Amino acid sequence: MTALDVRGDFPIFAAEPELVYLDSGATALKPAPVIAAVEQHLRRDSANVHRGLYPLAERATAAFEGARRRIAAALGADPDGTVFTRNATEALNLAAACAGRAWLQPGDVVVVSIAEHHSNLLPWRRAAEEAGARLLVAPVTAEGALDEAWLADVLAAGRVRVVAFPHVSNVLGTINPVARIATACRAAGARTVVDGAQAVAHLAVDLRALAADVYCWSGHKALGPTGIGVLHADPALLAALPPYALGGEMVQQVADEVVWSDPPWRFEAGTPPIAEACGLAAAVEYLQAVGPTRIRAHDRTLTALALGELGAREGVRILGSDDLDRRTGVVAFAIDGAHPHDVADLLGQAGCCVRGGFHCAQPLHAALGLPEGSVRISFGPYSREADVERVVGELDDVLALLRTSVA
């Protein structure tokens, strides 16, 4: 399969042709169609939605609701169960706050993974505390996947109501078998809430096949604008939940009796991210046009190169599995005697954009014996083998400098 050559679709490289951007796990760069879709709304359709009866407002509403349908179709979801939020963090908070009130009783159990991003850990920790439920932290296997044998034992006890876990770990890059876990949880009477923030830009995500109860992701990690995230669930499930935020749009009647709007609008209080939704629809269609199979192959090529090059360096510890079938284009590593912030800072000064720290996953780093965190490189469809070679070459200079300074 031919390598991807899509850098020309990303205007930032025209402005910075030497840019080595390996921090797509934090936020992805934006292709021209996404920028154009946002600009078109702001230039031509800039009115509020669902309110005005004049043609401009009707056009804006049609574009916004059309974006919802396009995004849902791309992921095999129901538009009526596709809720727009500010980001994946808000989507996961919405799930924990609303579902926690509806699903949890004292003595129930909520399971999260040790590999959880804080956004899918802290909301469930609070939801469990408020409901009087117990929070259990699932270990991961040597490959970094949720330990399904441990989970089976916990599910057998019969008190688990929610299992929250990542589709793809933002540190280990490990792909969890969502459909298998969701099936086991449903058989035991538990709901699943999946953080898909690191999956949508890298995998062919079919929510019908995955069968998770709630699936959340973030637009800006999937080549879309910042300021928008998505929560997917069955509309009937959402209709049984209380609203998250209160205000305009999410209510049909305010009198002695309050009547909430139907999903998805019940969960979209106030003016929604209109331009961002238009941009996100363009982003998912761009990803489809490039092709998930090609993107996955591209990820594998770059990941294999990075694992090989980093693994050949003395004192470098790579996190996660070396099985390319079980991970995406996220490669985190730790270096003996070097603080990850120092490494990331020096690489940045050399023109290489990487991430250093805990990546919002402190419990995982503590479990791995890494109290200072790790360095992470992460790929997008615009990343090149030359970028990997450049960052590894600069890393050699960084390590030489740090070891000389310590000596």
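Colleagues, the structure is a predicted model, in which local features need pLDDT of at least 70 and side-chain atom pairs count only at pLDDT 80 or more, while totals for chains, interfaces and linings use all residues. Residues are numbered from 1 along each chain as its sequence is written, and side-chain values use heavy atoms, with hydrogens and water left out.

I begin with the aromatic residues. Rings of Phe, Tyr and Trp, the last represented by its six-membered ring, pair if their centres lie within 6.5 Å; planes under 30 degrees apart count as stacked, over 60 as edge-to-face, and the rest as tilted. By this rule there are five aromatic pairs. In one of them, the ring centres of Phe10 and Tyr286 are 5.9 Å apart and the planes stand at 90°, so this pair is edge-to-face. The two residues come from distant parts of the chain, 276 residues apart: Phe10 belongs to the segment before helix H1 (12–15), and Tyr286 to helix H10 (residues 274–290). Helices here are DSSP runs of H or I with at least four residues, and strands are runs of E with at least two, numbered from the N terminus.

Ring pairs join Phe10 and Tyr286 with Phe13, Tyr21 and Tyr382 into a cluster.

Side chains of opposite charge can pair when their charged atoms come close. A salt bridge is defined here as a side-chain nitrogen of Lys or Arg within 4 Å of a carboxyl oxygen of Asp or Glu. The structure holds 21 salt bridges, and I shall discuss some of them.

In the pair of Glu285 and Arg70, the closest N and O atoms are 2.8 Å apart. Glu285 is partly exposed at 32%, and Arg70 is partly exposed at 33%.

Arg313 and Asp396 form another salt bridge, again with a closest N and O distance of 2.8 Å. Arg313 lies in the loop between helix H11 (292–311) and strand E11 (316–318), and Asp396 in helix H14 (residues 385–406), so the pair ties together parts that are 83 residues apart in sequence. Asp396 is partly exposed at 32%.

I turn now to the backbone. Pro263 and Pro264 are joined by a cis peptide bond, with omega about 5°; Pro264 is in the loop between strand E10 (258–260) and H10. His50, which is not a glycine, has a positive phi of about 70°. His50 is located in the loop between helix H2 (32–44) and H3 and is partly exposed at 32%. Leu223 likewise has a positive phi, near 75°, in the loop between strand E7 (214–218) and strand E8 (229–233). Leu223 is buried at 1% relative accessibility.

In helix H12 (residues 340–349), the buried residues are Pro340, Val343, Ala344 and Leu347. Seen down the helix axis, they fall within an arc of 95°, so they line one face of H12; the arc is taken over the directions from the axis to the C-beta atoms. Just after this helix, Gly351 takes a positive phi of about 95°.

Finally, the surface. Leu246, Val254, Val258 and Trp260 form a nonpolar patch with about 400 Å² of accessible area together. Patches consist of residues with over 30% relative accessible area and no salt bridge, with like charges joined within 9 Å and nonpolar side chains (Val, Leu, Ile, Met, Phe, Trp, Tyr) within 5 Å. Accessible areas come from the Shrake-Rupley method with a 1.4 Å probe, and for residues only the protein chains shown count as cover. Leu246 is in the loop between helix H9 (235–239) and strand E9 (251–254), and is exposed at 61%.

Conventions
Buried < 20%, exposed > 50% of the residue type's maximum accessible area, 1.4 Å probe, protein only.
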